[in-house]
Amino acid sequence: MKWKWSLLVIVLLAVTSCKKEAKKELALGDWRATLGVSEGQELPFNFTLSKDEAGNYLMKMYNAEEEVIVDEFTFSGDSINIRMPIFEGHISGTYTENEIKGDFIEEGKERTVPFTATFGKRDRFEIKQDAKVNISGIWEAYFNVNTDNEYPAKGIFMQNGNKVKGTFRTKTGDYRYLDGVLSGDSLKLSAFDGSHVFLFLAQVTDSTLDGKFYSGRHSVQEFLGARNEAFELPDSDSLTYLRDGYEKLDFSFPDETGKMVNLSDPIFKDKPVLVQIMGTWCTNCLDETRFYVDFLEKNPELDVQFVGLAFEYAKTEEKAFEGIKRLKEREDVPYPILLAQYGTSNKQMANEKLPMLNHILSYPTTIYIDKDGQVSKIHTGFNGPATGEKFEQFKQQFDETLQSLTGEKVVAK
């Protein structure tokens, strides 16, 4: 009898162990998440969870018209890791069926913010009262006001009842698809795209904005704004240029095989070249890359060569090239992306790699080179889809520039 009891105990333990090892399932449907930023503030965003035909989780995050698809989930016991698309950031923590708690982590940038998500359909921001004003239109704004780092921005907003969407454009790009509300005289806008953690809070009147911009837990900027439909930022084609004494752009950086690539190589010979200064961590750069990929798909016979120069946060060369490979594979980038710098995206250090430029003001920056190797134009920043009319203007100007450089008709994006 003793051996029978022993056998029964073993069976019970095995059954219990199997039950413990059974993976918990996350609830499918609508979720609301928050990221902890500076000064005790919380940045909310919404997402849905579903499963594909193979049973893998799909997370769809929303920022106004933007949808970000996340499809890399790993589980171990009650631990969960969710890797963001393209970018190195990931959510790491624990989970139950209806809750995820942990952190959003970007190792290369050495940044961590608390993350919590709860199952159930809830608004991004709570609306406590009807909006007192309508802020639709153009706003002249200044960030880091009354400091040496003050800079201008153009606010572009559309309001429908309490709901607000739009963005801020700066000289170096835009602050993505901002999504939020105007409750009474309190404006709340947020965006989380898998990289940037942006929260804007402001008190408003029919003609002024007075607020704070939270970028994760590493930056808080005060900003002021005034309604100004005629406001424009400096021309993006005039901010970056060749220094006196330099006639051409030159560089030599490695590709993923370790081969050094420069503008004298055969792939660049006797054709226009677009040099994209970028980083795989940069969402404006991702928008621009997607635009270039789509353009090249529509114009496969166009005699032009693109090349990316990546300035990476990743601490090692290996990690930097992993990020480049991930971007190229996920976005089907057909042109080479070289590693110009890793360990930091510091613009002063980046400028040392390209000393012929007056400065590197923005990621991205694109340098247009004609068939003779002369710099034709340098465009600083990128006005992405969130900027609406400005994005449409850029597309038209881009097509005209490429037609001028190649002497060929291009298919418009």
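These questions and answers walk through a predicted model.

User: Which strands stand at the edges of the open sheet of 9 strands?
Analyst: The open sheet has the strand order 4-3-2-1-9-8-7-6-5, with antiparallel pairing. An edge strand has a single partner strand, so one side is left without a neighbour in the sheet. The strands at the edges are strand 4 (66–70) and strand 5 (72–76).

User: What is the bridge partner of W31 in strand 9?
Analyst: Strand 1 (residues 29–36) and strand 9 (residues 111–119) run antiparallel. They are joined by 5 bridges. In strand 9, W31 has as its bridge partner F119.

User: Is N63 buried or exposed?
Analyst: N63 is found in strand 3, which covers residues 57–63. Its relative accessibility is 0%. Buried means under 20%, so N63 counts as buried.

User: Which residue's side chain makes a polar contact with the side chain of N63?
Analyst: N63 touches several residues beyond four places away in sequence, among them Y177, D179 and S190. A polar atom of the N63 side chain lies 2.8 Å from the backbone oxygen of F192. The contact between side chains, at 2.8 Å, is with R124.

User: Which cysteines form a disulfide?
Analyst: A disulfide is a covalent bond between the sulfur atoms of two cysteines. The structure holds 1 disulfide. Its sulfur atoms are 2.5 Å apart, and the cysteines are C282 and C285.

User: What is the handedness of the link of C282 and C285?
Analyst: Both C282 and C285 are buried. The angle about their S-S bond is 80°. The link is right-handed.

User: How many residues apart in sequence are the parts that F143 and F213 tie together?
Analyst: The count of aromatic pairs comes to 43. One of them is F143 with F213, edge-to-face, at 5.9 Å centre to centre and 90° between the planes. F143 lies in strand 10 (residues 137–143) and F213 in strand 17 (residues 208–215), so the parts tied together are apart by 70 residues.

User: Are F143 and F213 buried or exposed?
Analyst: F143 has a relative accessible area of 0%. For F213 the value is 2%. Buried means under 20%, so F143 and F213 are both buried.

Technical notes. Residues are numbered from 1 along each chain as its sequence is written. Side-chain values use heavy atoms; hydrogens and water are left out. Helices (H or I, at least four residues) and strands (E, at least two) are DSSP runs, numbered from the N terminus. Buried means under 20% relative accessible area, exposed over 50%, partly exposed in between (1.4 Å probe, protein chains only). A polar contact is a pair of N or O atoms within 3.5 Å; within protein, one must be able to donate a hydrogen and the other to accept it, and residues adjacent in sequence count only if both atoms are side-chain atoms. Contact means heavy atoms within 4.5 Å. Two strands pair if DSSP finds at least two bridges between them. A disulfide is a pair of cysteine sulfur atoms within 2.5 Å. Rings of Phe, Tyr and Trp (its six-membered ring) pair if their centres lie within 6.5 Å; planes under 30 degrees apart count as stacked, over 60 as edge-to-face and the rest as tilted.
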